[in-house]
Amino acid sequence: MFTITIEDQNGQVADTFSFDHGAYVVGRLETCDVVLPSASVSREHARISVQDGRCYIEDLGSANGVVVDGQRVVQQRDLGTASQIRIGDYYLYLEFKRSARMKQLNVLSTLFIDSGNEHHKLVRINDAFAGEEFSLSEVENTIGRTDENFILLSDASISRRHAIVARHGDLYSVVDCGSSNGTRLNGKAVQSQQALSAGDRVEFGNLEFVFVEGNATINPADYAQRSGGSAMTTYAGMAVVVVLGLVVGAAGVFTLVKMSGDEPAVDLSAPAMPTLEDQIAKHVADGRTQLELGNWDAALAAASEALALAPQHDDARQLREQVDVEREAAATLAQGELLSEEGRHEEARELLLSLPQGSIARDRAQTTLGHLNRTIAYNLRSDASRLFNSRRGADPKAAHDKLVEALAVLPGDEESLALLQDVETHLRKKRIAFEAYAPAP
């Protein structure tokens, strides 16, 4: 059984309630399940729910956000068995207590474990802050330089919204958010969503981490030695190079002496000079790599080098054009994400939908667009429910319009479809003219 104790602005206990299933909306509207009457609380601020025996909280696009144990909730947060929740001026304290019947049956004896160990984590290595740990407890753990992110990294190489580590049950993945200095997984640039495995090294800009299970103990010095190597190894390597150099040099002298009689010496080991097409292909490949990393100037320089060799080369011209498109699209993506963080959801969605199809920025915007679509559809559905169920001033026709709008944003949403069916049944019964909803083909 979960119990929430609500503490008001004066530090007084305002209410206490317990639950073991269901979902509860917290906000300042009287129609909410938990009403917090304060201007600092949004109309429908958050939702607390129980899923598979665990308790979660979700920010419903509130203006002032939801903070759990000192960390802002980006989307949905697992509350574990005890948490402090701040919503506006209020503090909510959640606690899980096992009932006597549960203790006798021992049903949930292994379900609830310490929240610090149940999630994987990132451990910082190879710098002055080596050993710092970040638990990946969010469904989407955003990483960036500003405090709107779940994981705040104050470093010049980190973008405002740099990357996301997403949790899918027991599985994790990482995706770069169009950062300036890129994200790398085991030394390779992250160009799309990639799965994480325990022991993987993840670099955000100039900062390096190791991804491990929540209960793992990491000694950062082990990783520093692994990446740097010992002095003895370095000297041994240098010795091998010197010996090989002497052997190759001697072989070359022998060959020249042997061939100096009748014919000029030909060094068959010398590499062939790269062709013009090879040089262009290398510049284009380098440019595309820099494009993926968001290094616009370096990508433009590579394209210019290729065009200097062949001004009409198709791949080089396409790269040059793509740099301009991606630079502008990245600025649009950053503006859209900023609007989303400010709670201006409709403006953010319209801006992100304007990103060019096939662009890197468009691909990276999908996570934010998904969040915006769910938030906007939820708000429209909530407005429709209020208009339909209100005891005073009910307007089922307006509710119908809201639901059609919600389904345009989030097609196939089951909750909106179920409410729409009830509204249309009511409209037919009352003989109110309306245009029946027809999903887009």
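In the class counts below, Ala, Val, Leu, Ile, Met, Phe, Trp, Tyr, Cys and Pro are taken as nonpolar, Asp, Glu, Lys and Arg as charged, and the others, Gly among them, as polar. By these classes, the lining of the second largest cavity has five nonpolar residues, one polar residue and two charged residues. The structure is a predicted model.

**Helix H9**

- Helix H9 covers residues 366-389, which makes 24 residues.
- From its first C-alpha to its last, H9 reaches 34 Å, close to the 34 Å expected at 1.5 Å a residue.
- H9 is mostly covered, with 17 of its 24 residues buried.
- His371 has its place in helix H9.
- Is His371 buried or exposed? Its relative accessible area is 19%, and because buried means under 20%, His371 counts as buried.
- His371 and Val74 stand 297 residues apart along the chain, while 9.8 Å separates their C-alpha atoms.

**The largest pocket**

- The largest pocket holds about 980 Å³ of space.
- Its lining is made up of 34 residues, and those closest to the centre of the pocket are Leu29, Thr31, Glu44, Ser382 and Asp383.
- Two or more lining residues come from each of helix H7 (345-353), H9 and helix H11 (414-429).
- By class, the lining of the largest pocket contains 13 charged, 12 polar and nine nonpolar residues.

**The second largest pocket**

- About 400 Å³ of space lies in the second largest pocket.
- Arg47, Glu58, Leu60, Gln76 and Arg374 are the closest to its centre among the 19 residues that line it.
- Strand E5 (46-51), strand E6 (54-59) and H9 each contribute at least two residues to the lining of this second largest pocket.
- The lining of the second largest pocket consists of seven charged, six polar and six nonpolar residues.
- Domain 1 (2-101) and domain 4 (366-430) each provide at least three residues of the lining of the second largest pocket.

**Cavities**

- How many cavities of 30 Å³ or more are there? The count comes to two.
- The largest cavity has about 330 Å³ of space.
- Of its 19 lining residues, Val74, Arg161, Ser340, Glu341 and His371 are the closest to the centre.
- Strand E14 (140-144), helix H6 (314-341) and H9 give two or more residues each to the lining of the largest cavity.
- The lining of the largest cavity divides into 10 polar, seven charged and two nonpolar residues.
- The second largest cavity has about 50 Å³ of space.
- The residues that line the second largest cavity are Gly178, Trp296, Glu326, Ala330, Leu333, Ile360, Ala361 and Arg364.
- H6 and helix H8 (360-364) each supply at least two residues of the lining of the second largest cavity.

**The largest nonpolar core**

- In soluble globular proteins, nonpolar side chains tend to be buried together.
- In this model, the largest nonpolar core comprises 23 residues, and Leu36, Ile57, Ile87 and Leu92 have the most contacts inside it.
- Strands E1 (2-7), E5, E6, E7 (66-68), E10 (82-87) and E11 (90-96) each supply at least two residues of this core.
- The largest share of the core, four residues, comes from E11.

**Positive phi values**

- Asn126, a residue other than glycine, has a positive phi near 65 degrees.
- Asn126 lies in the loop between strand E12 (121-125) and strand E13 (133-135), and at 34% relative accessibility Asn126 counts as partly exposed.
- Arg431, also a residue other than glycine, has a positive phi near 55 degrees.
- Arg431 is placed in the segment after H11.
- Why does Arg431 count as exposed? Its relative accessible area is 78%, and exposed means over 50%, so Arg431 falls in that class.

Notes: Residues numbered from 1 in each chain as written. Predicted model: local features only at pLDDT ≥ 70, side-chain atom pairs only at ≥ 80, totals over all residues. Heavy atoms only, no water. Expected span 1.5 Å × (residues − 1). Buried < 20%, exposed > 50% of the residue type's maximum accessible area, 1.4 Å probe, protein only. 1 Å grid on protein atoms, 1.4 Å probe; cavity = no way out; pocket = protein on both sides within 12 Å on 5 of 7 lines; lining within 4 Å. Points joined across faces, edges and corners; volume = space filled by probe spheres on them. Domains from an automatic or database assignment. Core = buried A, V, L, I, M, F, W, Y, C linked by side-chain atoms within 4.5 Å.
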